[in-house]
Structures are given as C-alpha cells and as structure tokens.
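This briefing goes through selected strands, sheets, cores and loops of one structure. Please keep the sequence and the 3D view open while reading.

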Amino acid sequence: MSLHNRRFKLPSLLIAAALVTAAASSAHAVTVAPVQDVSDVLHGVTVKDPYRYFENVKDPKVQAWLKEQGDSARKELDRIALRGELEQRIAEISAATGDDIRGITRMAGDHIYYLKRGRGEKQFKLMTRDGLQGAERVLVDPELEAKRTGVPHAINYFVPAWDGKHVAYGVSAGGSEDASLYILDVQSGKTVGQPIPRVHEALIGWLPDSKSLTYNQLKTLQPGDADSETYLDSKVMWLKVGDAEAQAKPVFGPTVTTDLGLARLDVGAIIFNPGSRWMIARTTDTTLPEGNLFVADIADLNKPTVAWKKISSFDDKITDVDLKGNDLYLLTHAGAPRNRVLKLDLRHPELKLAREVAAAPADAVLEKFALTRDALIAEIREGTSIVLRRYAAGDTKGQSIPAPFKGAASLQNDPAHAYSDVLYTLNGWTELPRTLLLKGKVSSDPGLRVNPPCLACRKWKWSTSRCRATMAP
C-alpha cells in the first residue's frame, strides 16, 4: 500500500473492518481443532505442544480441518455487503500509484538491476540498465513461464555477478516460495545450465572473479521424513558457472564442516567482495539475526577442506556484516543498546581487536549500514522517521544528511562499494516513494540529489499520478 494514499483508503478500510466484525458476530459454528498433547522436557521444564500434529499437513484429518476453515471463511467474506465495491475501489487506488520498483542494485561499471512490477501487472520482472539514464531492458519475465505452464511464477531474489556478465536469481511456482536457482547470461538473455532446486533464499555469494558462486541448498527429504526436517542440515555449495549441479562442491554446513559445532538449524551463507582475499561464513537459525561468523582464505576452496576460523558466536550479538578488503564491518548491540558498527582487521581476526567506527546518536538507533568507496552510511531511526548519516574515516559520531522531506530512508545496494554517491529511497506519510542519488559529500543543502529520469516511466518530472518509484526529486 502506498503511504501517499493512506488518507484515501482509511475510511474504506474502517468500513470494511466494521462489516467484517458484524459478519463475524453472526458466523456459524465451525469445528474446534482437537488437542493432541505432546510433551517435551527442555532444560528440566515440561513443555506441552497441543497442536504439533498440524506440522504434518499431509495428515487427512489436518487437511480436512483446514479445508473446513477455508470454506467457512469464504462464506463469511462473501456475506459482507459492498465487498465487491470496496475491492474495486481499493484496486483503483492501488493502480493509480503506477509502477512499483524494488531491490535496486548498482554494480561496478554503472550496471543497474532491479525488480519492476508495471501498473496493472501481477508479477515483478527482473530489469537492467546501464547508467541511471540508460535504456531499460527486461532480463526475466515470470509471466512468460506462467502463460506456458498455466501456473503463476514469481522471482524470489536476484544477485548479479561482480563483472555484470551473469545474474543468479530464484523463481518459485504457485506461491510455494520453493525457489530454484537459475544463472542468466545477461548479454544473450539465455539461462546457463539447468535450474538448481531447493535454493530458497538469496544466500548467494559470487567469488571475486565472477566465474563461480556459492549458494545454500536445502536437502532432499527422504520417504518417511517429517516436513519439519526440510530446513535442517542445509549445505553451502560451490559451483563454477556452466558446470552441472552434480559437480557442485559442499564447503560449509552442519554435515559438511562438522568440526565447527554447527546446529542442524544453522543456515549458512558465504560472503565475498572484489579486492578481498577473504571469505566470511555467516550462520543464523533463521529466527534471529545473531549467529556465528567464520573467516577463511578464498584459496582454501581449492583444498580438500577449508580452514575456517571462528570470529564470533550468538552471544556477541552481531546482527549484520559487510566485507571490504582486509576489513570486516560488524553491526552489534553488545554493550550498545542502540547499536554501533565495529571494524575488524581480518589479518588478526580476534573480535576483541575490533574498533568502533560508527556510533548511534543520542536518542536514536543505528538500524542499518552500507559502505561506499570512501565512507560508511547508516540508517538512523529517530522516532517514526529514518534518516541517513555519513561516517567518514575517523569520525565515529558522523554527520547528519538532510532529506527533502520527513520520512523513512532506505539505502539501495552497492555491494561492491564502487561509488562515493549513494542511491536511497525515501517514503513519507503523504509522499510517494522517491529514489534519490545522494552525492558523496555532506552539506546542509538537501539538494544533494541529481535529476536522472524515473526508473519506472523514464520521465524527467516526478508525477504522483504516474510514478511510484522515481529518480527525480
């Protein structure tokens, strides 16, 4: 929902809520889910789980109960007066906001990639252009596959290679989110090799030479395995572009690097960056951002085993990282309830040697950071607003960056740290999202932005009636 249109939608939504409440009061009775207690003793405490059997969605009884609930909900929704008119009006307002653009990623050489859902379209396409003013080109259109198979398809993620020659992306069918990994040759527009199944997340790492990549792959369930086994014992695989999936080498994971003490639920990813000899393995259990960090030399991938060295664990409260040369940047709330960023020299990978490079201002929270060619830019939450702050080398307090209007700023991706300027998107309660280019130097003038054309409609003038994501102020 566009923030710009909340003032138009609110009355309709309130009416809808009232109608739903009224309908619910007269709803017919449905079957209450039966209790089937299962007890576990965890750390000396008995914990009862009365609905664990619902994890087995193949159980006919579970399926029957879910279908009954769905049928009941459908009947109640269909009873709501004016529902059709409300749905039509919401659709009209949503369509008036224009194209939707997400995940802008700018790579070295001014190659830009992003997802775009055109006005009135159902799915996002993967797009590219060379330079902010370059011609837009479609790389992947999931609607073509949907028309061919009759099943809806969606792009789950994309990760470009450093040299811009390939893009790794995930596609799932039928709303399953069960994504397979594809590798696209950007120049020819053709897929390289066959899709790799069970690569659900964007845990993709291109090696600095862009000739191979790593990805996290879920295991194949065996007959009799419970569905809860799906996300256990995943592996990070290393594959050279053009090789078959069978040639991929496992390099990290609970069943691969058994000496690291990983839990079965630890999901791993490997982080690389051009100009860095290091690779960082990061794990989480998917429920919290904190986890484990390990470092190794990229050259170890060619050895029988990788000599991973542990940097940190869950207790170190590190929630995000970025790699640049010999330095690893760490976002942590250990001893800093509003967060701070540390820098660790990987030639001496002892966490106690890390030093602070960015602190949160008083009465604000440092929520996210990104590295540019010559500085660190942070997203700072001040109440309901998110502003940007620039930290130059040696300046741990940083400088505030003025914004064109009050809202929530969100940094776009420059994973290679190739630029001194920054693309960011700004949302306001009464303003449509705008994507702006922030020049490398900070001043008191909010006119730090430039006026390249809109990513969505390529017009120079921003129009609230046409454009939802724009490069123009």
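S27 and S28 form a hairpin, with two residues between the strands. Strands here are DSSP runs (E, at least two residues), helices are DSSP runs (H or I, at least four residues), and both are numbered from the N terminus. The model is predicted: local features need pLDDT of at least 70, side-chain atom pairs count only at pLDDT 80 or more, and totals for chains, interfaces and linings use all residues. Residues are numbered from 1 along each chain as its sequence is written, and side-chain values use heavy atoms, with hydrogens and water left out.

**The hairpin and its neighbour**

- S27 (residues 422–428) and S28 (residues 431–438) run antiparallel and are joined by six bridges; two strands count as paired if DSSP finds at least two bridges between them.
- Within this pairing, Val 422 stands opposite Leu 438 in S28.
- S27 is also joined to strand S26 (residues 408–411), by four bridges, and these two run antiparallel.
- Ser 410 stands opposite Thr 425 in S27.
- Six of the seven residues of S27 are buried, so the strand is largely enclosed by the rest of the structure; buried means under 20% relative accessible area, exposed over 50%, and partly exposed in between (1.4 Å probe, protein chains only).

**Open sheets**

- Six bridges connect S4 with S5 (residues 125–130), and Tyr 113 stands opposite Thr 128 in S5.
- Another open sheet of four strands has the order S18-S19-S20-S21, again with antiparallel pairing.
- The edge strands there are S18 (318–324) and S21, each pairing on one side only, and the twist averages 25 degrees from one strand to the next.
- S19 (residues 327–332) and S20 (residues 340–345) are antiparallel and share six bridges, with Thr 332 opposite Arg 340 in S20.

**Nonpolar cores**

- The largest nonpolar core has 34 residues, and those with the most contacts inside it are Leu 126, Leu 139, Leu 181, Ile 204, Trp 206 and Tyr 215; such a core is a set of buried Ala, Val, Leu, Ile, Met, Phe, Trp, Tyr and Cys residues joined through side-chain atoms within 4.5 Å.
- Strands that each supply at least two residues of this core include S4 (111–117), S7 (153–160) and S11 (212–217).
- A second, separate core of 17 residues includes Val 236, Trp 238, Phe 294 and Ala 296.
- Leaving aside neighbours within four places in sequence, Tyr 215 is in contact (heavy atoms within 4.5 Å) with residues including Leu 181, Ile 204, Val 236 and Glu 245.

**Loops with positive phi, and a helix cap**

- Thr 286, in the loop between S15 (278–284) and S16 (292–297), has a positive phi near 75 degrees although it is not a glycine.
- Thr 286 is exposed, with a relative accessible area of 55%.
- Asp 363 lies in the loop between S21 (355–359) and S22 (365–371); its phi is also positive, about 65 degrees, and Asp 363 is exposed at 66% relative accessible area.
- Asp 141 caps the N-terminal end of helix H4 (residues 142–149), with a side-chain oxygen 3.0 Å from the backbone nitrogen of Glu 143.
- Gly 150, which follows H4, has a positive phi near 80 degrees.

Technical notes. A polar contact is a pair of N or O atoms within 3.5 Å; within protein, one must be able to donate a hydrogen and the other to accept it, and residues adjacent in sequence count only if both atoms are side-chain atoms. Axes are lines fitted to C-alpha atoms, for helices over the stretch in contact, and angles run from 0 to 180 degrees between N-to-C directions.
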